[in-house]
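This report describes selected contacts, strands and helices of one protein model. The sequence and structure are shown first.

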Amino acid sequence: TPEVLMNVFHRAWRALRGKSAAENTTGQQQDKTTETGSRANPERAVQYLYDRMQVDANLRAAIVEIRHADKLDGRVKRIHKRMARDSIKGGLQLRWTGDKNTRVINAWNSFVKQLKLRNRQKLLSDARGAVMEGNLALQWVINSRLQVVDAVRMPAETIVPLVDENGRFQDVRKAYRQIDPINWTELCTFPLWQLTVLRLDPDNHDDYGCFGRPYLDASRGVWQKLVMTEEDLVIRRRTRAPQKLAHSLKGADEKAVDKYRQRVESEVGEITTDFYANDLTVTAVAGDANLDQIADVDHLLDTFFSGAPAPKGLFGYVGDMARDILEDLKKDYFEEIDGLQDVLAQAYEQGFRLQLLLMGMNPDAYDFEIQFAERQTSTPNQRADLALKHQAMGLPETLVHEAAGLDTNRVEALRKEEKRNRDPYPEDDYEGDDDQPPTPGQQRISVTPGNAPKGESATSVSNGR
């Protein structure tokens, strides 16, 4: 039952973290610094009192503003979409750092199927939400047979961690609560095992009350200035760019000037090229000659993309950036993607460990980890080249498959199926010049340094006998 399950997790949490603040008797005067290993600062104490009543207003304001920018500005949308797309390349894989276990592998395959983690749209939605909100809150849905059947992404700005002033959970059976941001009423509470919250760049990782920050949180002010300046630039062009005419009627009184003005303005839409008058002078006034000076817009644009994970050249702005500098910035972008992949994979790993506990298996007894298949957004040719180099060095096949971005469990399953379906009496269709055909699986692999662009090594594969 859910009550029994919560008690099991409560006892496990107490064994790992010690007694919770809810179990301390009122007569005991204990040093909370010794208990929790952290000390609350004055700002955190005020934030703790504020969070007990409602959600973090600063976090909610940042998330709402970034969502608004994502809908209006294609640059913001492209940053979020590209980060999410690159982080989920290859999908999730179960990787072993020790001996494999068939029961754990079968549990992982069932877990992936139940949660639809092979669906690219599901992973893309979770990754994009984590980048925009700075947090990934997954609620694990369990059926009557104690199976994790779904992972629902919750809006992070409505989740309130129930922690004390030191940032520790008061009661793991009520670790989080969801607040209606409209009328500030409590919708429900979640035990620690039911809601997994992963954070991007929190102010203090050891403080469970500190949520993460959206990736473009620090760029919100620059984005507002950039949009305002671009709008002002358009208004300036529309008002100052057209050529104007100055009409001078020498010696005319006010009535004559008004009559002439009405006659000229009534011809709006027609091209007026000639003016006839007794003593009239029409002088052309040129438009603004400095409309090409947009250094302020370029400055704001560079400042905005300095807070982005990659240079602006990767998001459609092609400038005069040197190629070697672009390569260095791309490596930094790959590091950001790797960090995002680690956060996302950790969330799904928590759900899988919960599934193993529900099956009566201790996840700490098995050496495995959940990771995304492709790291550093390498191209297929680059991954194949790295895998061939590993094979040339004589590394185990498992490492070769991982370098190639392949699922080792699926490769082994396909090999077993191929072995079962192999014809025991194959026909000899070899028509080569040699007497014997080449043995399958035997290749000569050589690594040639300096034989590829940019000083990288190149691989050469040839079939042997």
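## R128 and its surroundings

The side chains of R128 and D70 are joined by a polar contact of 2.6 Å. A polar contact is a pair of N or O atoms within 3.5 Å; within protein, one must be able to donate a hydrogen and the other to accept it, and residues adjacent in sequence count only if both atoms are side-chain atoms. The model is predicted: local features need pLDDT of at least 70, side-chain atom pairs count only at pLDDT 80 or more, and totals for chains, interfaces and linings use all residues. Residues are numbered from 1 along each chain as its sequence is written, and side-chain values use heavy atoms, with hydrogens and water left out.

R128 lies in helix α7 (residues 120–133); helices (H or I, at least four residues) and strands (E, at least two) are DSSP runs, numbered from the N terminus. With a relative accessibility of 24%, R128 counts as partly exposed, the class between buried (under 20% relative accessible area) and exposed (over 50%), with a 1.4 Å probe and protein chains only. Beyond its neighbours within four places in sequence, R128 is in contact (heavy atoms within 4.5 Å) with D70, K77, H80, K81 and A84. K81 is 47 residues from R128 in sequence, while their C-alpha atoms are 6.5 Å apart.

## The sheet β3-β2-β7

An open sheet is formed by 3 strands in the order β3-β2-β7, with antiparallel pairing. Its edge strands, β3 (148–154) and β7 (195–199), each pair on one side only; two strands pair if DSSP finds at least two bridges between them. Neighbouring strands of this sheet are turned by 25° against each other on average, direction ignored.

Strand β2 (residues 135–142) is joined to β3 by 6 bridges. W140 has A151 of β3 as its bridge partner. Helix α6 (residues 102–115) packs on the sheet and touches β2 and β3, its direction making about 50° with that of β3. Axes are lines fitted to C-alpha atoms, for helices over the stretch in contact, and angles run from 0 to 180 degrees between N-to-C directions.

## Helix α6

The buried residues of α6 are V104, I105, A107, W108, F111, V112 and L115. They cover an arc of only 160° around the axis, so they lie on the same side of α6; the arc is that of the directions from the helix axis to the C-beta atoms. Exposed T102 and K113 are carried by the face turned away from the buried side.

At the start of α6, a side-chain oxygen of N101 comes to within 2.9 Å of the backbone nitrogen of R103. After the helix comes K116, with a positive phi near 55°.

## Strand β1

In strand β1 (residues 92–96), 5 of the 5 residues are buried, so the strand is largely enclosed by the rest of the structure. L92, L94 and W96 point one way, and Q93 and R95 the other way. Strand β10 (residues 368–372) runs antiparallel to β1 and is joined to it by 5 bridges. L94 has I370 in β10 as its bridge partner.

## Helix α10

V297, L300, L301, F304 and F305 are the buried residues of α10. Their arc around the axis is only 130°, which puts them on the same side of α10. These buried residues pack against α5 (74–87) and α8 (220–240). On the other side of α10, A295, H299 and S306 are exposed.
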